[in-house]
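Dear colleague,

Please find the structure below, handed over for your use.

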Amino acid sequence: MVRLRSILYYLLMTGATVIFTTLGIIFLPFNFPFRFKVMSGWSVFNLWTLKTICGLDSRIEGLENIPQGPAIIMCKHQSAWETLALQIYFPPQVWILKRELLWIPIYGWGLASMKPIAIDRSSGMRALKYIATQGKQRLERGLWVVIFPEGTRTAPGKRLKYQPGGGLLAEKSGYPVVPVTHNAGYFWPRNSLDKKPGTITMKIGPIIDPAGKSAKEITTEVEDWIENTSSTLPTPNFN
């Protein structure tokens, strides 16, 4: 039943992607906050179908830590689930992502309509400078910036080197960092069709003030909070 429900979810998700990508293109002339509100309906629908069809719900802790003004979200990356949830619980945001995602038919078109900061990860320092300059511009316009510091989805319990882009953006811009972690990788694993029933826990940490800190120090502080908090999250038993 898990496999059948997951297939049904993907069919509905595909249909919703086509619809909302079309809406994203239609509403390009409108301002970004309005477009974001429209496009985030895609995430609302997908999370609803996950709960209704697959029995996969979520619990969010730390909403009181979300500041009033724009900030940099640095989030644990285990699954595709967090790419949906962040759009629901945080204000209008742009994402730092690899440019290859924009080349995906239909899905990439929808992404492109949302002002992402698309980088060539092979370009090294040039990519970091691009993140710092473009990210600062977005923040100064009142938009939040989302970055996954590990750079790729990582299985629960695994740990990759945190990339410096988010810390550099915080250092250069002076905007605070909001660390986020979760255990979605247990329920929606990378490269897996199955969506396992249960309740995902996502924790939003207290803001990290970049004042007087280097990019490396900021990144280390974020990494310590995310990894230490991740180790305290529930480990589901699917037996």
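F45 and W48 both belong to helix α3 (residues 41-54), where three residues, about one turn of the helix, separate them; helices here are DSSP runs of H or I with at least four residues, numbered from the N terminus. This is a predicted model, in which local features need pLDDT of at least 70 and side-chain atom pairs count only at pLDDT 80 or more, while totals for chains, interfaces and linings use all residues. Residues are numbered from 1 along each chain as its sequence is written, and side-chain values use heavy atoms, with hydrogens and water left out.

The ring centres of F45 and W48 are 6.4 Å apart and their planes meet at 35°, so the pair is tilted. Rings of Phe, Tyr and Trp (its six-membered ring) pair if their centres lie within 6.5 Å; planes under 30 degrees apart are stacked, over 60 edge-to-face, and the rest tilted. F45 is partly exposed at 28% relative accessible area, whereas W48 is exposed at 53% (buried is under 20%, exposed over 50%, partly exposed in between; 1.4 Å probe, protein chains only).

The whole structure holds 10 aromatic pairs. One of them, F27 with F34, is edge-to-face, at 5.4 Å centre to centre and 80° between the planes. Ring pairs also join Y9, Y10 and W188 into a cluster.

Yours sincerely

Definitions and conventions. Helices (H or I, at least four residues) and strands (E, at least two) are DSSP runs, numbered from the N terminus.
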